[in-house]
Amino acid sequence: MPIAVPVLRAPSRALLVAVALALGACHPAHEEARRLAAACEGGDARACHGLARRLEQGDHILRDEARAAALHTRACDRRLGDGCASLAVQLQEGRGVTRDTARAVALLAQGCDRGGMDGCTRLGVLHLTAAIGVPRDPARAAALFERACTGGQPLGCARLGIQLGRGEGVAEDLPRAVRLLTAACDATVQTGCRGLAQLRHAGRGVARDDSLAIALYTRACTENELDACMELGMLHEAGDGTPQDYTAARERYAAACDAGHGESCWRWSLMHERGMGGRRNPERAQELRQAACRNGYAPACPPKSRST
């Protein structure tokens, strides 16, 4: 049964007792959370971060994103890069705190500089996509992904592999791209599987194999790699490497759109607008264009919205 954890502020024996009671002293499932609470109170920044992650996920304790943010702040103040990066994510998404994208970007950079590899990768993605006011800089993105990969983060390796395969912001290196993407995919990093699917479909650096490419895209999409869902939908829509299937394309776009993927909403809107895979529905198309804009896909936004 989930339990509540009080926000840890100043070290005190009374607070430790309260934490122990809140966690349920006799329940073995709460032992680790109880240990993290005590260690955090004793000055262990990594314990504060670990407890915050549990609060975000509701892992044997009541989900509380505001308290998680307070604990990530404590960890970041104690110079833990992972704490800074996790706080940045909450600020970027407005979870448990007021949304503040400028501060989020600064904290990602701070987290990366302090050894938080997730901060390096996330900041790289912002530079690659020109999101939340960060200037597009593929070379900077590649350098950040390289740093994360060298630091042992498979997702950073996968992101770097995709750029190496495209020669985007970095010299093309297909053999290394294949190695990085294969290793990441084998480590169940679905971005790696998606990147490997792209190379398999194009026959770049590896033999072309459409069946394997579709299998890799499907695997990644099933595990919520939203770009993979969209790209798989595009293949179904075009009949590229797989039989043309507008219904399957709609399903893939819909799954990604419902999870907040803006471009998928836009592509789904076009199918409604054109009557592909079903009757024309201009009203639904308009709703989906609005959803695409809300989810950050600028081409779907009216000109006035794009400039604001």
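Modeller: A salt bridge here is a side-chain nitrogen of Lys or Arg within 4 Å of a carboxyl oxygen of Asp or Glu. The model is a predicted one.

Colleague: How many salt bridges does a search of the whole structure find?
Modeller: The search covers the whole structure and applies that 4 Å cut-off. The total is 24 salt bridges.

Colleague: How far apart are the closest N and O atoms of R63 and E65, and is each residue buried or exposed?
Modeller: R63 has a relative accessible area of 58%, so R63 is exposed. E65 is at 16%, so E65 counts as buried. The two form a salt bridge, and the closest N and O atoms are 3.0 Å apart.

Colleague: Which residues are linked with R63 and E65 in a network of salt bridges?
Modeller: R63 and E65 belong to a network of salt bridges.

Colleague: How many residues apart in sequence are the parts tied together by E168 and R136?
Modeller: The side chains of E168 and R136 meet in a salt bridge, 2.7 Å from N to O. E168 lies in the loop between α9 and α10, R136 in the loop between α7 and α8, so the pair ties together parts of the chain that are apart in sequence. E168 is buried at 17%, while R136 is partly exposed at 47%. The separation is 32 residues.

Colleague: Which helices are linked by R289 and E273?
Modeller: The side chains of R289 and E273 meet in a salt bridge, 2.6 Å from N to O. The pair links distant parts of the chain, 16 residues apart. R289 is partly exposed at 21%, and E273 is partly exposed at 30%. R289 is in α16 and E273 in α15.

Colleague: Is the aromatic pair of W266 and Y297 stacked, edge-to-face or tilted?
Modeller: A search of the whole structure finds one aromatic pair. W266 and Y297 are 5.4 Å apart, centre to centre, with 40 degrees between the planes. Planes under 30 degrees apart would count as stacked and over 60 as edge-to-face, so the pair is tilted.

Colleague: Where do W266 and Y297 lie?
Modeller: W266 is partly exposed at 22% relative accessibility. Y297 is at 17%, so Y297 counts as buried. The pair ties together parts that are 31 residues apart in sequence, because W266 lies in helix α15 and Y297 in the loop between α16 and α17.

Colleague: Which residue lies over the face of W268?
Modeller: The cut-off for a charge over a ring is 6 Å from the ring centre. Here the distance from the ring centre of W268 is 5.0 Å. The residue is R284.

Colleague: Which helices do the buried residues of α14 pack against?
Modeller: Helix α14 has 13 residues and reaches 18 Å from its first C-alpha to its last, close to the 18 Å expected. Its buried residues are A248, A249, R250, Y253, A254, A256 and C257. They pack against α13, α15 and α16.

How values were computed:
Residues are numbered from 1 along each chain as its sequence is written. This is a predicted model: local features need pLDDT of at least 70, side-chain atom pairs count only at pLDDT 80 or more; totals for chains, interfaces and linings use all residues. Side-chain values use heavy atoms; hydrogens and water are left out. Rings of Phe, Tyr and Trp (its six-membered ring) pair if their centres lie within 6.5 Å; planes under 30 degrees apart count as stacked, over 60 as edge-to-face and the rest as tilted. Helices (H or I, at least four residues) and strands (E, at least two) are DSSP runs, numbered from the N terminus. Buried means under 20% relative accessible area, exposed over 50%, partly exposed in between (1.4 Å probe, protein chains only). A charge sits over a ring if NZ of Lys or CZ of Arg is within 6 Å of the ring centre and within 35 degrees of the ring normal. The expected span of a helix is 1.5 Å times one less than its number of residues. Contact means heavy atoms within 4.5 Å.
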